[in-house]
Amino acid sequence: MDLLRRVAVVAVLLSLPSRGRSGGGGGDLHPVVLVPGYGSNRLYARLTAAYEPAAPRCGAREGKDEWFQLWPIDAAASEPAQAPCLAEQMSLVYDPVADDYRNVAGVVTRVPSFASTRALVGWDPLVRQLEAMGYRDGGSLFAAPYDFRYAVAPRGHPSAVGERYFARLTRLIERASRLNGGRPAVVVAHSFGCALTYQFLRARPLAWRQRFVKHAVLLAAALGGFAEGMDGLASGAGSGLPNLAPPARTRLARSQQSALWRLPTPMVFGDRPVVVTKNSTYSANNITEFLDAIGFTEGVQPYVTRVLPMWRALPAPMVPVTSMYGVGVRTPETFVYGEAGFEGTPEVVYGDGDGNMNIVSLMAAEKEWSGVEGQILKVVRLPGVSHVGFFSDLALKKVVAEIQKAVSSIEVHRKEKIFSFLNNFEFTIPVPLGRW
């Protein structure tokens with residue numbers, strides 16, 4: 001290649017629009033895709049003739065072909081008389097032969113308003129801030145809600161609902177990029193949404209990630225599970241149904257595929273005692289014994305075959321990541337059960353974290369990804385910010401500031417490619433700094 005052709009090629013490279021810039025107007029924005037946490041999704045349901053309610057009152061809507069809101073629950077549904085119906089309709093069934101989860105027979109569910117921020121619960125403060133930056137719902141700002149009861153599975157194991165969600169999220173991110181001049185998207189996720197986002201990124205080809213995902217902002221990403229995940233399976237705590245009797249509450253918690261994802265992982269928690277009884281101590285390294293001890297033997301197979309393989313290691317996602325999490329908030333670390341065993345109320349030993357997620361899990365990403373060649377990682381710790389406090393005034397400002405940096409940061413790869421190209425030749429070309 002002669003000198004003039006070299007100059008021409010470099011000129012073309014420099015003339016390409018920088019995908020890293022973001023202005024205040026809608027025409028020069030990197031699209032933002034929001035992936036909510038577990039409780040920030042809406043779930044609708046309808047009952048078909050195949051539904052066989054445990055109690056007659058639970059079948060009041062049966063066969064009417066009408067959709068009703070299953071989650072979040074309203075005041076009427078949370079009443080003691082209605083709580084068992086709601087629990088029954090929200091439950092999943094694991095089929096060991098099909099090796100997959102499904103709804104209870106006769107219950108059809110859907111997640112409304114996919115792609116729109118209207119689908120999210122509790123995200124309005126952040127959405128308003130992004131709109132003030134020039135973002136518009138459906139144009140440059142999108143949301144990817146999901147059925148929080150489900151998750152995904154490792155290669156070789158079916159996960160129909162989870163796979164459909166990942167396919168929809170892939171198309172949404174590609175569409176967001178296409179609507180915004182081919183610019184890659186910034187994905188902002190919270191809590192369980194971080195776990196899904198991480199597994200989603202790992203499941204996409206590297207070339208796709210680098211083409212369509214500019215940055216991932218992870219809020220409270222506990223990628224190693226958390227201690228309350230074990231207690232939740234033992235007691236049914238955290239089901240969101242305070243008026244549900246303990247046995248029904250526990251059955252609901254154990255039925256959901258996503259519940260097994262909350263368990264602390266051996267890689268992150270190791271031998272730390274999480275649940276202690278009179279005769280035994282359970283850690284992340286003997287979860288199967290714990291599941292047997294609480295009478296949840298049917299959870300052993302899906303845990304061993306569908307959960308452990310996905311969280312045995314935490315390879316870097318190889319897209320720029322900002323990890324933000326709260327610290328300095330009393331967080332359950334160990335649950336000590338007395339003479340009554342799992343039928344009793346445990347004494348709780350607290351440690352550091354964000355009130356729900358343990359610090360060891362919140363720090364898992366930085367521990368595993370720091371120093372990985374090619375992985376850009378920024379960590380922002382927020383003292384005193386709880387797991388659900390990211391959209392409070394103080395934390396919200398910091399979250400928005402990090403999103404602004406993510407959407408406006410200069411794209412390093414483009415500069416590196418150009419300088420690598422230039423370094424191969426023994427001549428210099430003045431480069432206008434304003435290009436980058």
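**Cysteines and a helix pair in a predicted model**

Modeller: In this predicted model, Cys 194 has 0% relative accessibility and therefore counts as buried.

Colleague: How many disulfides does a search of the whole structure find?

Modeller: A disulfide is a covalent bond between the sulfur atoms of two cysteines. Here Cys 58 and Cys 85 are joined, with S to S at 2.1 Å, and the cut-off for such a pair is 2.5 Å. The number found in the whole structure is one.

Colleague: Where in the chain do Cys 58 and Cys 85 lie, and how many residues apart are they?

Modeller: Cys 58 sits in the loop between β2 (43–47) and β3 (68–71), and Cys 85 belongs to helix α2 (residues 83–90). The pair thus links distant parts of the chain, and the separation is 27 residues.

Colleague: Is the link of Cys 58 and Cys 85 left-handed or right-handed?

Modeller: Both Cys 58 and Cys 85 are buried. The angle about their S-S bond is -75°. The link of Cys 58 and Cys 85 is left-handed.

Colleague: Are α7 and α8 parallel or oblique to each other?

Modeller: Helix α7 (residues 227–235) packs on helix α8 (residues 246–255) with the axes 7 Å apart and an angle of about 130°. An angle over 145 would count as roughly antiparallel, and 65 to 115 as roughly perpendicular. The two helices, α7 and α8, are therefore oblique.

Colleague: How do the residues of the contact of α7 with α8 divide?

Modeller: From α7 come Gly 232, Leu 233, Ala 234 and Ser 235, which meet Pro 246, Arg 249, Thr 250, Ala 253 and Arg 254 of α8. The residues of this contact divide into four nonpolar, three polar and two charged.

Note on methods:
Residues numbered from 1 in each chain as written. Predicted model: local features only at pLDDT ≥ 70, side-chain atom pairs only at ≥ 80, totals over all residues. Heavy atoms only, no water. Axes fitted to C-alpha atoms, helices over the stretch in contact; angles between N-to-C directions. Helix = DSSP H or I, 4+ residues; strand = E, 2+ residues; numbered from the N terminus. Parallel < 35°, antiparallel > 145°, perpendicular 65-115°, else oblique. Contact = heavy atoms within 4.5 Å. Nonpolar A, V, L, I, M, F, W, Y, C, P; charged D, E, K, R; others polar. Buried < 20%, exposed > 50% of the residue type's maximum accessible area, 1.4 Å probe, protein only.
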